[in-house]
Structure formats: C-alpha cells, structure tokens
Amino acid sequence: FLLPVAIMMLVYACLGMFPIGERTVLILDMNGQYIYFFEQLRDVLLGNGSLLYTFERALGGEFFGIFTYYLASPLSMLVTLFPKSAITEAVTTIMLVKCGLCGLSFSYYLDKTRKKNAFGFTMFSTMYALCAYATTFQSNTMWIDALIWLPLVALGIERIIRTGHFKLFVVALALTVWSNYYIGYMCCIFVALYFF
C-alpha cells in the first residue's frame, strides 16, 4: 500500500502539485465537472442535499444518475472528512488511497496464488498500482476502483475452480459493478474469459 502511494506523492511533488507547488490534480474532466460532483456528494452525505435531485445544475436536475456513474465508489465518501474549501485535497487523498489499494489488492492476490517472494510481490504490486491505465485515468477516478477489485475477482475465480468456495468472487464482483457499472461490465467480460 505505502510504496505506490509514496511514489505517486513523489511524482506529484516533482510536477509541482499542491501542497508542494501551485498545480493541482484537477485536470481535464476532473476540473470541468467531477470536482463539482464531489462537492455535491459531500453536501448530500452531510445532510445538506438530496441524492435524487439537485438545484446546483443550471435550473436543477437529477443527481442519482451522476452518483451511480461517477461517485458510487465507497472511497468517494472520504470527501466528508474534509471541509468544502479543501475539496482538492479530498480528491487528491482519494486518488492516493486508490493507488495504494491497487497495490495492496494485487499483493494479496500474489500472496495467495504464488510462492512467497516479498521483493517480487512488492515490485509487481507497485507496478500494477502505477500501470499506465491507473496513472492515465486519475482524471477519471471512478474507473480506478476496478483495478482495486480485479485481483480479488481473479482470486475468487481461482477459488471457485480449486475449492468450490464462491463468496470472495461474488462480493468482489458485486463491489466492482457497484463502484462503476461501466467498467464493471467490462470486468464481467474478463470473468467469462478468465474462467477458461
């Protein structure tokens, strides 16, 4: 968990990102729309808004669809730990936690499926957490959750085949689809192929 987070923080520092510099992680869609979705979610979770409808969108509009597509990740709830003025820090923290969890879940997968090799596990789990997909889509943070759950889905499939136990698979795949159904259905395609 800690090594990919430390590397990502070092990269942020080298790029002059807040708090080291003036830049932020709010680029592309993150700056144009997602940040406002996180602000609205924070209001909803703190009892100052509705999950179903919001007046923050032009003349008002539904919010539940935005929640299910962009914000359903359990980690999105971390925005409540920050004041509204620190929403950038909240999103940065969420991105770093997701990066660490990607490494942690892949390391867990390796630990349960391979011979013990602490150096190899650390190296490969860090590479997994910092792969091109994970770093490129930090501006679309809702798509990173699938990387967290995918090693557990794969482990669940292997447990079904080897032992007949299915609980890990069901829970991990359900969390994958819940976190973001768009990437979740692609993981379901992966599941069908991985069984073979």
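Select helix α1 (residues 2-14) and helix α4 (residues 87-113): their axes come within 8 Å and cross at roughly 140°. An axis here is a line fitted to C-alpha atoms, for helices over the stretch in contact, and the angle, from 0 to 180 degrees, is taken between N-to-C directions. α1 is therefore oblique to α4; angles under 35 degrees count as roughly parallel, over 145 as roughly antiparallel, 65 to 115 as roughly perpendicular, and the rest as oblique. The crossing of α1 past α4 is right-handed, a term used if the near helix is turned clockwise from the far one by less than a right angle, with anticlockwise giving left-handed.

This is a predicted model, in which local features need pLDDT of at least 70 and side-chain atom pairs count only at pLDDT 80 or more, while totals for chains, interfaces and linings use all residues. Residues are numbered from 1 along each chain as its sequence is written, and side-chain values use heavy atoms, leaving out hydrogens and water.

From α1, pick P4, V5, M8, M9 and Y12; from α4, pick T92, M95, L96, C99, G100 and G103, which complete the contact (contact means heavy atoms within 4.5 Å). By class, this contact of α1 with α4 has eight nonpolar, three polar and no charged residues. Ala, Val, Leu, Ile, Met, Phe, Trp, Tyr, Cys and Pro count as nonpolar, Asp, Glu, Lys and Arg as charged, and the others, Gly among them, as polar.

Zoom out to the chain. Nine helices and two strands are present, in the order α-α-β-β-α-α-α-α-α-α-α. Helices (H or I, at least four residues) and strands (E, at least two) are DSSP runs, numbered from the N terminus. Along the principal axes, the C-alpha atoms fill a box of roughly 55 × 40 × 25 Å. Of the 196 residues, 43% count as buried, meaning under 20% relative accessible area, with exposed being over 50% and partly exposed in between (1.4 Å probe, protein chains only).

Stay on α4 and select S105, which is found in this helix. Is S105 buried or exposed? S105 is buried, with a relative accessible area of 6%. Apart from neighbours within four places in sequence, S105 is in contact with L147, I148, P151 and L152.

Next, go to the loop between α3 (64-71) and α4, where S73 is found. S73 is buried as well, at a relative accessible area of 1%. With neighbours within four places in sequence left aside, the contacts of S73 are K98, D145 and S179.

Move to helix α7 (residues 145-163) and helix α9 (residues 181-195), whose axes come within 11 Å and cross at roughly 30°. These two helices are therefore roughly parallel to each other. α7 passes α9 in a right-handed crossing. Residues in the contact include L150, V153 and I157 of α7 and C187, F190 and V191 of α9. The contact of α7 with α9 has 13 nonpolar residues, no polar ones and one charged.

End at L173 in helix α8 (residues 167-179). L173 is buried, with a relative accessible area of 15%. Which residues does L173 contact, leaving aside its neighbours within four places in sequence? They are V153, C188 and V191.
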